[in-house]
Amino acid sequence: MSAILVTGGAGYIGSHMNYALLDRGERVVVLDNLSTGVRGLIGAEAEFVEGDVADRDLVRNLIRKHRIEAVIHFAGSIVVPESVTKPLLYYANNTMASRALIEACIEEGVQHFVFSSTAAVYGIPGVSMVSEDTPKEPINPYGRSKLMTEWMLEDTAKAHDFRYVALRYFNVAGADPKGRTGQSTPRATHLIKRAAQVALGREPYLDIFGTDFPTPDGTGVRDYIHVSDLIAAHLLALDALRGGAGSDVFNCGYGRGLSVREIVAAVERAAGHKLPVREAPRRAGDPPMLVADSTKLKLTLNWQPRYDDVDVIVRSALEWERKLGAS
Ligand code: UFG
(Lines give C-alpha, C1' and ligand atoms only; values in the text may rest on other atoms or scores of the structure.)
Protein backbone atom coordinates (compact mmCIF):
# COMPACT_ATOMS: atom_id res chain seq x y z
CA MET A 1 0.00 0.00 0.00
CA SER A 2 1.33 3.45 -0.85
CA ALA A 3 1.69 6.10 1.83
CA ILE A 4 1.50 9.82 2.48
CA LEU A 5 4.60 11.64 3.66
CA VAL A 6 3.84 14.29 6.30
CA THR A 7 6.85 16.54 6.88
CA GLY A 8 6.78 18.34 10.22
CA GLY A 9 4.32 15.73 11.45
CA ALA A 10 5.52 16.11 15.04
CA GLY A 11 4.44 19.75 15.08
CA TYR A 12 1.18 21.43 16.02
CA ILE A 13 -0.65 21.35 12.70
CA GLY A 14 1.23 18.38 11.20
CA SER A 15 0.29 16.10 14.09
CA HIS A 16 -3.40 16.91 13.53
CA MET A 17 -2.88 15.94 9.90
CA ASN A 18 -1.48 12.53 10.90
CA TYR A 19 -4.52 11.72 13.01
CA ALA A 20 -6.94 12.83 10.29
CA LEU A 21 -5.19 10.62 7.73
CA LEU A 22 -4.93 7.66 10.10
CA ASP A 23 -8.61 8.08 11.04
CA ARG A 24 -9.57 7.46 7.45
CA GLY A 25 -7.27 4.49 7.01
CA GLU A 26 -4.34 6.03 5.16
CA ARG A 27 -0.74 4.98 5.72
CA VAL A 28 1.30 7.85 7.16
CA VAL A 29 5.05 8.38 7.23
CA VAL A 30 6.24 11.33 9.31
CA LEU A 31 9.54 13.07 8.62
CA ASP A 32 10.51 15.50 11.37
CA ASN A 33 13.86 16.62 12.80
CA LEU A 34 12.26 17.25 16.22
CA SER A 35 13.76 20.74 16.37
CA THR A 36 10.41 22.01 17.65
CA GLY A 37 8.23 18.93 17.19
CA VAL A 38 7.22 16.51 19.92
CA ARG A 39 7.68 12.78 19.36
CA GLY A 40 4.65 11.89 21.49
CA LEU A 41 2.21 13.83 19.29
CA ILE A 42 2.87 11.89 16.10
CA GLY A 43 0.33 9.09 16.58
CA ALA A 44 1.29 5.49 17.32
CA GLU A 45 0.23 4.08 13.95
CA ALA A 46 2.32 6.53 11.93
CA GLU A 47 5.78 5.49 10.81
CA PHE A 48 8.32 7.96 12.15
CA VAL A 49 11.58 8.94 10.47
CA GLU A 50 13.77 11.40 12.35
CA GLY A 51 15.58 13.58 9.87
CA ASP A 52 15.66 16.68 7.79
CA VAL A 53 13.59 17.60 4.77
CA ALA A 54 16.72 19.13 3.25
CA ASP A 55 18.44 15.73 3.28
CA ARG A 56 17.62 14.76 -0.29
CA ASP A 57 19.12 11.27 -0.16
CA LEU A 58 17.19 10.44 2.98
CA VAL A 59 13.96 11.75 1.42
CA ARG A 60 14.54 9.89 -1.86
CA ASN A 61 15.14 6.66 0.01
CA LEU A 62 12.06 6.99 2.13
CA ILE A 63 9.90 7.86 -0.87
CA ARG A 64 11.05 4.62 -2.50
CA LYS A 65 10.91 2.47 0.63
CA HIS A 66 7.40 3.55 1.66
CA ARG A 67 6.01 4.05 -1.85
CA ILE A 68 5.13 7.66 -1.10
CA GLU A 69 2.33 8.83 -3.35
CA ALA A 70 1.77 12.35 -1.96
CA VAL A 71 3.64 14.79 0.24
CA ILE A 72 2.03 17.16 2.73
CA HIS A 73 4.71 19.64 3.66
CA PHE A 74 4.42 21.35 7.06
CA ALA A 75 8.05 21.36 8.20
CA GLY A 76 9.52 24.82 8.48
CA SER A 77 10.26 27.75 10.76
CA ILE A 78 7.26 29.90 11.63
CA VAL A 79 8.12 32.74 14.02
CA VAL A 80 7.84 36.08 12.22
CA PRO A 81 10.09 38.23 14.51
CA GLU A 82 12.75 35.50 14.51
CA SER A 83 12.69 35.55 10.70
CA VAL A 84 13.62 39.24 10.83
CA THR A 85 16.70 38.64 12.99
CA LYS A 86 17.69 35.32 11.35
CA PRO A 87 16.62 35.66 7.70
CA LEU A 88 19.13 33.14 6.36
CA LEU A 89 17.83 30.52 8.77
CA TYR A 90 14.33 31.04 7.32
CA TYR A 91 15.54 30.86 3.73
CA ALA A 92 17.41 27.66 4.62
CA ASN A 93 14.65 25.94 6.63
CA ASN A 94 11.77 27.07 4.45
CA THR A 95 12.92 27.91 0.93
CA MET A 96 16.02 25.72 0.48
CA ALA A 97 14.65 22.74 2.37
CA SER A 98 11.46 22.90 0.30
CA ARG A 99 13.52 23.07 -2.86
CA ALA A 100 15.36 19.87 -1.89
CA LEU A 101 12.07 18.17 -1.04
CA ILE A 102 10.41 19.19 -4.31
CA GLU A 103 13.44 17.98 -6.22
CA ALA A 104 13.34 14.61 -4.44
CA CYS A 105 9.64 14.37 -5.42
CA ILE A 106 10.44 15.05 -9.07
CA GLU A 107 13.33 12.56 -9.08
CA GLU A 108 11.20 9.84 -7.50
CA GLY A 109 8.01 10.55 -9.44
CA VAL A 110 5.80 11.85 -6.60
CA GLN A 111 3.07 13.80 -8.36
CA HIS A 112 0.96 15.29 -5.52
CA PHE A 113 2.08 17.95 -3.09
CA VAL A 114 0.16 19.96 -0.48
CA PHE A 115 2.02 22.95 0.91
CA SER A 116 1.54 24.96 4.13
CA SER A 117 1.67 28.56 3.03
CA THR A 118 0.62 31.58 5.01
CA ALA A 119 -1.37 34.81 5.03
CA ALA A 120 2.01 36.45 5.62
CA VAL A 121 2.53 36.34 1.83
CA TYR A 122 0.08 39.27 1.60
CA GLY A 123 2.04 41.59 3.91
CA ILE A 124 -0.16 44.52 4.92
CA PRO A 125 -3.01 44.22 2.45
CA GLY A 126 -4.85 47.33 1.35
CA VAL A 127 -8.21 45.55 1.59
CA SER A 128 -10.15 44.27 4.59
CA MET A 129 -10.95 40.87 3.03
CA VAL A 130 -8.01 39.17 1.39
CA SER A 131 -8.66 37.02 -1.69
CA GLU A 132 -6.11 34.86 -3.46
CA ASP A 133 -5.61 37.62 -6.07
CA THR A 134 -4.73 40.28 -3.52
CA PRO A 135 -1.16 41.42 -4.29
CA LYS A 136 1.50 39.37 -2.56
CA GLU A 137 3.86 41.80 -0.88
CA PRO A 138 5.30 40.02 2.17
CA ILE A 139 6.91 42.31 4.72
CA ASN A 140 9.15 39.82 6.49
CA PRO A 141 11.55 36.98 5.60
CA TYR A 142 9.04 34.40 6.86
CA GLY A 143 6.42 35.48 4.33
CA ARG A 144 9.01 35.80 1.58
CA SER A 145 10.48 32.36 2.27
CA LYS A 146 6.99 30.85 1.93
CA LEU A 147 6.11 32.86 -1.18
CA MET A 148 9.36 31.75 -2.83
CA THR A 149 8.33 28.16 -2.18
CA GLU A 150 4.95 28.84 -3.80
CA TRP A 151 6.82 30.15 -6.85
CA MET A 152 9.06 27.08 -6.99
CA LEU A 153 5.97 24.87 -6.89
CA GLU A 154 4.27 26.89 -9.62
CA ASP A 155 7.27 26.68 -11.93
CA THR A 156 7.91 23.00 -11.18
CA ALA A 157 4.28 22.13 -11.92
CA LYS A 158 4.60 23.80 -15.32
CA ALA A 159 7.73 21.82 -16.20
CA HIS A 160 7.03 18.37 -14.73
CA ASP A 161 4.32 15.80 -14.17
CA PHE A 162 3.59 17.29 -10.75
CA ARG A 163 0.60 19.08 -9.23
CA TYR A 164 0.31 20.97 -5.95
CA VAL A 165 -2.10 22.85 -3.72
CA ALA A 166 -0.76 25.70 -1.56
CA LEU A 167 -2.96 26.56 1.41
CA ARG A 168 -2.50 30.03 2.87
CA TYR A 169 -3.29 29.74 6.55
CA PHE A 170 -4.71 32.65 8.50
CA ASN A 171 -4.59 32.35 12.33
CA VAL A 172 -4.70 28.70 13.28
CA ALA A 173 -5.88 27.87 16.80
CA GLY A 174 -7.63 25.23 18.91
CA ALA A 175 -6.86 21.55 19.34
CA ASP A 176 -8.02 18.10 18.28
CA PRO A 177 -11.62 17.64 19.53
CA LYS A 178 -10.63 14.13 20.64
CA GLY A 179 -7.81 15.56 22.76
CA ARG A 180 -5.01 13.61 21.07
CA THR A 181 -2.84 16.58 20.12
CA GLY A 182 -2.64 20.36 20.36
CA GLN A 183 -0.28 23.33 20.38
CA SER A 184 2.57 22.19 22.62
CA THR A 185 5.40 24.68 22.09
CA PRO A 186 6.23 26.03 25.55
CA ARG A 187 7.37 29.47 24.38
CA ALA A 188 4.65 30.05 21.80
CA THR A 189 3.85 33.63 20.87
CA HIS A 190 0.39 33.14 19.40
CA LEU A 191 -2.50 34.98 21.01
CA ILE A 192 -4.89 32.14 21.87
CA LYS A 193 -2.10 29.89 23.15
CA ARG A 194 -0.69 32.73 25.28
CA ALA A 195 -4.13 33.65 26.60
CA ALA A 196 -4.76 30.00 27.59
CA GLN A 197 -1.42 29.93 29.45
CA VAL A 198 -2.37 33.14 31.29
CA ALA A 199 -5.85 31.79 32.10
CA LEU A 200 -4.25 28.77 33.80
CA GLY A 201 -1.83 30.94 35.76
CA ARG A 202 1.25 29.73 33.85
CA GLU A 203 2.06 33.25 32.69
CA PRO A 204 1.45 36.31 34.86
CA TYR A 205 -0.40 38.46 32.32
CA LEU A 206 -1.34 38.82 28.67
CA ASP A 207 0.04 41.68 26.63
CA ILE A 208 -2.34 43.39 24.25
CA PHE A 209 -0.01 44.56 21.52
CA GLY A 210 -1.47 47.82 20.24
CA THR A 211 -4.70 49.56 21.22
CA ASP A 212 -4.53 52.31 18.61
CA PHE A 213 -5.09 50.34 15.40
CA PRO A 214 -7.73 51.67 12.98
CA THR A 215 -10.11 48.86 14.01
CA PRO A 216 -13.45 49.01 15.90
CA ASP A 217 -11.89 48.56 19.37
CA GLY A 218 -8.35 49.64 18.51
CA THR A 219 -6.82 46.15 18.79
CA GLY A 220 -5.59 43.88 15.97
CA VAL A 221 -8.19 41.91 14.03
CA ARG A 222 -7.50 38.40 12.74
CA ASP A 223 -9.34 35.47 11.21
CA TYR A 224 -8.93 32.58 13.69
CA ILE A 225 -9.52 29.16 12.15
CA HIS A 226 -9.89 25.92 14.11
CA VAL A 227 -7.05 23.54 13.31
CA SER A 228 -9.51 20.72 12.50
CA ASP A 229 -11.22 22.82 9.82
CA LEU A 230 -7.80 23.64 8.40
CA ILE A 231 -6.93 19.95 8.29
CA ALA A 232 -10.22 19.23 6.52
CA ALA A 233 -9.05 21.61 3.78
CA HIS A 234 -5.85 19.55 3.43
CA LEU A 235 -7.83 16.33 3.00
CA LEU A 236 -9.98 17.96 0.33
CA ALA A 237 -6.88 19.29 -1.43
CA LEU A 238 -5.27 15.86 -1.37
CA ASP A 239 -8.39 14.20 -2.71
CA ALA A 240 -8.70 16.82 -5.46
CA LEU A 241 -5.10 16.22 -6.57
CA ARG A 242 -5.62 12.47 -6.52
CA GLY A 243 -8.76 12.97 -8.61
CA GLY A 244 -6.77 14.82 -11.26
CA ALA A 245 -7.42 18.46 -10.29
CA GLY A 246 -4.90 21.06 -11.41
CA SER A 247 -2.53 22.98 -9.18
CA ASP A 248 -4.16 25.71 -7.11
CA VAL A 249 -3.86 28.10 -4.17
CA PHE A 250 -6.46 28.70 -1.46
CA ASN A 251 -6.93 31.00 1.52
CA CYS A 252 -7.87 29.19 4.72
CA GLY A 253 -9.92 31.24 7.15
CA TYR A 254 -13.59 31.81 8.00
CA GLY A 255 -13.95 35.31 6.57
CA ARG A 256 -14.70 36.68 10.01
CA GLY A 257 -12.44 39.03 11.94
CA LEU A 258 -12.05 38.99 15.73
CA SER A 259 -10.14 41.57 17.73
CA VAL A 260 -7.64 40.82 20.48
CA ARG A 261 -10.20 42.07 23.02
CA GLU A 262 -12.85 39.73 21.61
CA ILE A 263 -10.44 36.81 22.00
CA VAL A 264 -9.65 37.85 25.57
CA ALA A 265 -13.41 37.95 26.32
CA ALA A 266 -13.86 34.46 24.85
CA VAL A 267 -11.00 33.05 26.93
CA GLU A 268 -12.51 34.69 30.02
CA ARG A 269 -15.85 33.03 29.26
CA ALA A 270 -14.17 29.64 28.84
CA ALA A 271 -12.01 30.00 31.95
CA GLY A 272 -14.81 31.47 34.08
CA HIS A 273 -12.67 34.35 35.32
CA LYS A 274 -11.02 37.59 34.19
CA LEU A 275 -7.55 37.55 32.63
CA PRO A 276 -4.81 39.87 33.83
CA VAL A 277 -4.00 41.97 30.74
CA ARG A 278 -1.47 44.70 30.09
CA GLU A 279 -1.75 47.19 27.27
CA ALA A 280 1.52 47.33 25.36
CA PRO A 281 2.79 49.05 22.21
CA ARG A 282 2.20 47.50 18.78
CA ARG A 283 4.47 44.65 17.77
CA ALA A 284 6.72 45.46 14.81
CA GLY A 285 5.20 44.48 11.51
CA ASP A 286 1.70 43.60 12.77
CA PRO A 287 -0.98 44.50 10.22
CA PRO A 288 -4.13 46.05 11.75
CA MET A 289 -6.45 43.54 10.15
CA LEU A 290 -6.12 40.28 8.25
CA VAL A 291 -9.29 38.45 7.25
CA ALA A 292 -9.59 35.73 4.62
CA ASP A 293 -12.00 35.69 1.74
CA SER A 294 -12.31 31.90 1.58
CA THR A 295 -15.02 31.77 -1.08
CA LYS A 296 -12.67 29.95 -3.45
CA LEU A 297 -11.98 27.14 -0.98
CA LYS A 298 -15.70 26.70 -0.33
CA LEU A 299 -16.73 26.75 -3.97
CA THR A 300 -13.85 24.79 -5.51
CA LEU A 301 -13.19 22.13 -2.88
CA ASN A 302 -16.61 22.25 -1.19
CA TRP A 303 -15.00 23.08 2.16
CA GLN A 304 -17.60 23.27 4.92
CA PRO A 305 -16.23 24.51 8.24
CA ARG A 306 -17.51 22.72 11.35
CA TYR A 307 -15.91 24.67 14.18
CA ASP A 308 -16.54 28.27 13.14
CA ASP A 309 -17.27 29.44 16.67
CA VAL A 310 -14.77 31.33 18.78
CA ASP A 311 -16.01 29.72 22.00
CA VAL A 312 -15.44 26.23 20.59
CA ILE A 313 -11.95 27.18 19.40
CA VAL A 314 -10.94 28.76 22.68
CA ARG A 315 -12.42 25.95 24.82
CA SER A 316 -10.47 23.32 22.90
CA ALA A 317 -7.24 25.35 23.25
CA LEU A 318 -7.83 25.70 26.98
CA GLU A 319 -8.62 22.00 27.42
CA TRP A 320 -5.38 21.08 25.67
CA GLU A 321 -3.42 23.53 27.80
CA ARG A 322 -4.87 21.94 30.95
CA LYS A 323 -3.86 18.52 29.69
CA LEU A 324 -0.32 19.70 28.99
CA GLY A 325 -0.05 20.92 32.57
CA ALA A 326 -1.36 17.63 33.95
CA SER A 327 1.10 15.42 32.04
N1 UFG B 1 -1.29 39.52 20.21
C2 UFG B 1 -1.40 40.15 21.44
N3 UFG B 1 -0.79 39.57 22.51
C4 UFG B 1 -0.07 38.40 22.42
C5 UFG B 1 0.04 37.78 21.16
C6 UFG B 1 -0.59 38.36 20.08
O7 UFG B 1 -2.03 41.20 21.56
O8 UFG B 1 0.48 37.96 23.45
C9 UFG B 1 -2.00 40.09 19.05
C10 UFG B 1 -1.12 40.44 17.87
O11 UFG B 1 -0.59 41.72 18.00
C12 UFG B 1 -2.11 40.28 16.72
C13 UFG B 1 -3.02 39.13 17.17
O14 UFG B 1 -2.90 39.10 18.59
O15 UFG B 1 -2.90 41.43 16.58
C16 UFG B 1 -2.62 37.80 16.61
O17 UFG B 1 -1.25 37.56 16.87
P18 UFG B 1 -0.58 36.12 16.71
O19 UFG B 1 0.83 36.24 17.17
O20 UFG B 1 -1.44 35.10 17.36
O21 UFG B 1 -0.63 35.83 15.16
P22 UFG B 1 -0.17 36.76 13.94
O23 UFG B 1 -1.40 37.31 13.33
O24 UFG B 1 0.90 37.70 14.30
O25 UFG B 1 0.54 35.67 13.03
C26 UFG B 1 -0.19 34.86 12.18
C27 UFG B 1 0.54 33.54 11.99
C28 UFG B 1 1.83 33.75 11.28
C29 UFG B 1 1.58 34.53 10.01
C30 UFG B 1 0.86 35.80 10.31
C31 UFG B 1 0.53 36.57 9.07
O32 UFG B 1 0.78 32.93 13.22
O33 UFG B 1 2.41 32.51 10.97
O34 UFG B 1 -0.34 35.50 10.96
O35 UFG B 1 0.53 37.94 9.35
F36 UFG B 1 2.74 34.84 9.42
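Me: How many bridges join strand β1 to β2, and do they run parallel or antiparallel?
Reply: In this predicted model, strand β1 (residues 3–7) and β2 run parallel and are joined by 4 bridges. Within that pairing, Thr 7 has Leu 31 of β2 as its bridge partner.

Me: Which helix goes with β1 and β2 in the β-α-β unit, and what is its handedness?
Reply: The helix is α1 (residues 12–23), and together with β1 and β2 it makes a right-handed β-α-β unit.

Me: Are the faces of β2 covered or open?
Reply: Both faces are covered, with Val 28, Val 30 and Asp 32 buried on one side and Val 29 and Leu 31 buried on the other. Counted over the whole strand (residues 28–32), 5 of its 5 residues are buried.

Me: Switching to the core, which residues have the most contacts inside the largest nonpolar one?
Reply: Those are Ile 13 and Leu 21, in a core of 61 residues. Helix α7 (residues 227–242) gives the most to this core, contributing 9 residues, and the core draws at least three residues from each of domain 1 and domain 2.

Me: What does Ile 13 touch, leaving out residues up to four places away in sequence?
Reply: Ile 13 touches Phe 74, Tyr 169 and Val 172, and also Val 227, Leu 230 and Ile 231.

Me: How many residues are in contact across the two domains, and what area is buried between them?
Reply: On the domain 1 side 29 residues are in contact with 29 residues of domain 2, and the area buried between the domains is about 2,500 Å², with carbon and sulfur atoms giving 70% of that area. Tyr 224, His 226 and Asp 229 are the residues of domain 1 that lose the most area to domain 2, and together they make up 29% of what that side buries.

Me: And the open sheet of 4 strands, what is its order?
Reply: The order is β6-β15-β10-β13, with mixed pairing. At the edges are β6 (129–130) and β13 (258–259), each of which pairs on one side only. Strand β10 (residues 221–222) and strand β15 (residues 289–292) pair in the parallel sense over 2 bridges, and there Val 221 stands opposite Met 289.

Me: One backbone check: what is the phi of Arg 67, and of Asn 302?
Reply: Arg 67 has a positive phi of about 50 degrees, while Asn 302 has a positive phi of about 60 degrees, and neither residue is a glycine. Most residues other than glycine have a negative phi.

Me: Where do Arg 67 and Asn 302 lie?
Reply: Arg 67 lies in the loop between α2 (56–66) and β4 (68–73), whereas Asn 302 has its place in the loop between α9 (295–301) and α10 (310–326).

How values were computed
Residues are numbered from 1 along each chain as its sequence is written. This is a predicted model: local features need pLDDT of at least 70, side-chain atom pairs count only at pLDDT 80 or more; totals for chains, interfaces and linings use all residues. Side-chain values use heavy atoms; hydrogens and water are left out. Buried means under 20% relative accessible area, exposed over 50%, partly exposed in between (1.4 Å probe, protein chains only). Two strands pair if DSSP finds at least two bridges between them. A crossover is right-handed if, with the strands pointing away from the viewer, the path from the first strand over the helix to the second runs clockwise. A nonpolar core is a set of buried Ala, Val, Leu, Ile, Met, Phe, Trp, Tyr and Cys residues joined through side-chain atoms within 4.5 Å. Domain bounds come from an automatic or database domain assignment. Contact means heavy atoms within 4.5 Å. Buried area is the accessible area (1.4 Å probe) that two parts lose on being put together, summed over both.
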